[in-house]
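Biologist: I am new to this structure. Please walk me through it.

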Amino acid sequence: MFPKFSSFQSVRLLALAAALVPAGAQVLAQGSIYRCGNEYTNDAQVAKSKGCTLMQGGNITIVEGTKVAPTARSAPAAASRNGGERVDSAAQRARDSDARAILQAELRKAEERLAQARKEYANGEPEKQGIESRNYQRYLDRVAELKAAVARAESDVASIQRELGRVGVSPNASGSAAK
């Protein structure tokens, strides 16, 4: 299939190939390249008309990036923001009503958690459990954790009430417990 070469012929063939590679590289070399802002061209007339600058140095390789196709989910959101489309007032009222109902349900849950945390905390004097009667530091650590849980629950209730105030509902309308 392939002709057999002696080692001397192989060396001559490799030397010939090595001599031809630089000559082939010059054939593939680029001509003058001009830069026009973020655009490149090798057409001298276009470069002259646009006022482009001649690039100095080695070869330039430009790889064009892929374009990101908009997803079906992001296209309507972008269109509504950019297109100035308005939501139907009835649909907006329904959304607001849903938001209020969700916030009121969350407020009720947060108030239940607060009541449970206050019950466990027992004004800073919860009953000792198991080993806590012999290990007072463990009791103090648990009391501190209970106090922190009460503070978090109070903060949650206050933030939900603020959010309800923003959407136009009186926070006390949901039957919030007095502190």
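Biologist: How far apart are K109 and E106 in helix α4, counted in helical turns?

Modeller: Keep in mind that this is a predicted model. Helix α4 covers residues 89-121, and K109 and E106 lie 3 residues apart in it. That spacing puts them about one helical turn apart.

Biologist: What is the distance between the closest N and O atoms of K109 and E106?

Modeller: Side chains of opposite charge can pair when their charged atoms come close. The cut-off for a salt bridge is 4 Å. K109 and E106 form a salt bridge, and their closest N and O atoms are apart by 3.9 Å.

Biologist: Is E106 buried, exposed or partly exposed?

Modeller: Buried means under 20% relative accessible area, and exposed means over 50%. K109 has 44%, so K109 is partly exposed. E106 has a relative accessible area of 32%, so E106 is also partly exposed.

Biologist: Which residue forms a salt bridge with R118?

Modeller: The closest N and O atoms of this pair are 3.0 Å apart. The pair links distant parts of the chain, 36 residues apart. R118 sits in helix α4, and its partner sits in helix α5, residues 136-166. R118 is partly exposed at 28% relative accessible area, and the partner is E154.

Biologist: Where is E132, which meets R142 in a salt bridge?

Modeller: The two side chains meet at 2.7 Å, N to O. R142 belongs to helix α5, 10 residues from E132. The pair links distant parts of the chain, with E132 in the loop between α4 and α5.

Biologist: Is E132 buried or exposed?

Modeller: The limit for buried is under 20% relative accessible area. R142 has 16%, so R142 counts as buried. E132 has 4%, so E132 is buried.

Biologist: How many salt bridges does the structure hold?

Modeller: Among them are K109 with E106, R118 with E154, and R142 with E132. The total for the structure is 5.

Biologist: Now the sheet. What is its strand order?

Modeller: The sheet is open, with 3 strands and antiparallel pairing. The edge strands are β2 (39-41) and β3 (53-54), since each pairs on one side only. The order is β2-β1-β3.

Biologist: Which residue in β3 is the bridge partner of Y34?

Modeller: Strand β1 covers residues 34-36. It runs antiparallel to β3, and 2 bridges join them. The partner of Y34 in β3 is L54.

Methods:
Residues numbered from 1 in each chain as written. Predicted model: local features only at pLDDT ≥ 70, side-chain atom pairs only at ≥ 80, totals over all residues. Heavy atoms only, no water. Helix = DSSP H or I, 4+ residues; strand = E, 2+ residues; numbered from the N terminus. Buried < 20%, exposed > 50% of the residue type's maximum accessible area, 1.4 Å probe, protein only.
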